[in-house]
Amino acid sequence: MAGSRWADDAEAKALEAQRKKEKEEKKRLKLEKQRQQEEEARRASEEANRPQKRRRISLGPQDDATPASKESEAPELLKLEGGSWGPCRNVSNYETLNAIEEGTYGWVSRAKDVSTGEVVALKKLKMDFAYEGFPVTALREIQLLRESHHPNIVSLKEVVMGASLSDVYMVMEFMEHDLKTLQDDKLEPFLQSEVKTLLLQIASAVHFLHDHWILHRDLKTSNILLDNRGLIKIADFGMARRTSSPPPPNLTQLVVTLWYRSPELLLGTPTYDTSVDTWSLGCIFGELLLKEPLLQGKNEVDQLSRIFELCGIPTNDTWPGFKRLPNAKSLRLPSNADSRAHGSIVRAKFPFLTSAGADLLSSLLSLNPENRPSAKDMLNHPYFKEKPKPISTALFPTFPSKAGQERRRRIEPHAPQRGEAPRVSMAEVDFSGIFAGREEEQRGAGFSLRMG
Ligand SMILES: Nc1ncnc2c1ncn2[C@@H]1O[C@H](COP(=O)(O)OP(=O)(O)O)[C@@H](O)[C@H]1O
Ligand SMILES: [Mg+2]
């Protein structure tokens, strides 16, 4: 029985836990100190340009009941930049040119500033809880994007209002492409020199976010924009939130679009950190090389099954403590798990990658979140230094822009909807035959769901 094996090495585990705790405490103290310094610097600069009067934003008592704010954030103070929150202009200052993306919950269109003629992107915010006051998630999307000034993060020009309080639009710089639509239209995958240029810019934006205590939580190719000068900008902060060290407990697990969701999230971890974004970066890296999403699960169980097929089965050695995650308790895994080396499967799937490339990809896709490199480590990885070198953005090819033309509707799983029903329990899922019945892939890659 699985339980007895666990009991046997309880002492070793206790020791391991103690060591880990000490390590974490050290890391926490270091980060805390760094945070205090940053906080002091921020306060000093806020002090310098404090506005005359600051409008108070009340979230209303009902917000506590919304699933998004169930995340145990000791009431999070939304820090507004000094002097920058004032009456919004009206959306009539913009003239719509064409719809770019007609989503399930929101709309993005190409529009023109009537007075200056400047072309912009207009995103109507999703007001899922409009009847309960201005949703905290919409405030976060605006506020976090507004704070994130980086060459590879889309810039928010202003927020404009329509007729009612639920008619709120973000005005952003217009970008010709998103990587998902572009890849769907391209006949060939990007060259590796191009992939490197794209990936370096993406990692640079993600490093900036993590360095500023922001988790994006929905990194995927459709949220990564590209202009016709080879410049990348990360967009869609609809799932983003602030984090801390140690990370807040009981964060929302239902984050990140399924195909880009990390194994710890799928296994129901109550707390997580920047490594959930790094996992998504691994999925994006693979997708850029293959010209199609790397792990296209049909549901959460299937997603996990595909992950295990590519990255191997977790063991107590490769991922200490994973068995304690809520959805992992009754997973049935093959006993010969560790015979499948993660790196070699990745290498076989990407035979054209150099060993540095395969090393980067497989480390980003480490099952154990602690083994994933940070976005900063990624920037310094040898893969980017070896030939073929990243192509200069000035030489990046240009492509016809879909966003500048007709409306479209995309086929891909959408980001988790705030307040979606709790997901299927992973309990009683049998992965023990995961590599046995490859011919039965259609039915879920060799695992079975035991009902009742
Ligand atoms: N600044 C922009 N310029 C051009 N297109 C954009 C811009 N922002 C978003 N889009 C397009 O709209 C789509 C949806 O925008 P996004 O912010 O991701 O909204 P959602 O929350 O509905 O996913 C993107 O995938 C992209 O194709
Ligand atoms: Mg999006």
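Which domains give residues to the shell around ligand 1, and why does it lie between them? Select domain 1 (95-172) and domain 2 (177-442): both give residues to that shell, so ligand 1 lies between the two. The domain bounds come from an automatic or database domain assignment.

Before moving on, a word on what's on screen. This is a predicted model, in which local features need pLDDT of at least 70 and side-chain atom pairs count only at pLDDT 80 or more, while totals for chains, interfaces and linings use all residues. Residues are numbered from 1 along each chain as its sequence is written, and chains are lettered from A and ligands numbered from 1 in the order in which they are written.

**Stop 1: around the ligand.** Stay with ligand 1 and show the 21 residues around it; Glu101, Val108, Ala121, Asp178 and Asp236 come nearest. Here a residue is near a molecule if its C-beta atom, placed from the backbone, lies within 6 Å of it. Now colour strand 2 (94-102), strand 4 (119-124) and strand 6, the elements that give two or more residues to the shell. By type, the shell divides into 10 nonpolar, 6 polar and 5 charged residues. Ala, Val, Leu, Ile, Met, Phe, Trp, Tyr, Cys and Pro count as nonpolar, Asp, Glu, Lys and Arg as charged, and the others, Gly among them, as polar.

**Stop 2: zoom out.** Switch to cartoon view and you have 11 helices and 13 strands. Helices (H or I, at least four residues) and strands (E, at least two) are DSSP runs, numbered from the N terminus. Of the protein's 452 residues, 37% count as buried. Buried means that 20 or more other C-beta atoms lie within 10 Å of a residue's own, exposed means 12 or fewer, and partly exposed is in between, with C-beta atoms placed from the backbone.

**Stop 3: strands 5 and 6.** Select strand 5 (residues 156-161) and strand 6 (residues 168-173). A hairpin through 6 residues joins them, and 5 bridges link the antiparallel pair. Strands pair if DSSP finds at least two bridges between them. Find Glu158, which stands opposite Val171 in strand 6.

Stop 4: Next, pick out the open sheet with strand order 7-9-10 and antiparallel pairing. Strand 7 (177-178) and strand 10 (232-234) are at the edges with a single partner strand each, so one side of each has no neighbour in the sheet. Between strand 7 and strand 9 (residues 224-226) there are 2 bridges, and His177 has Leu226 as its partner.

Stop 5: Look for Asp236 in the loop between strand 10 and strand 11. Is Asp236 buried or exposed? With 22 C-beta neighbours inside 10 Å, Asp236 counts as buried. Trp213 also has a positive phi, near 60°, but with 16 such neighbours Trp213 counts as partly exposed.

Finish with a cis peptide bond, from Ser245 to Pro246, with omega near -5°. Pro246 sits in the loop between strand 11 (241-242) and helix 6 (263-266).
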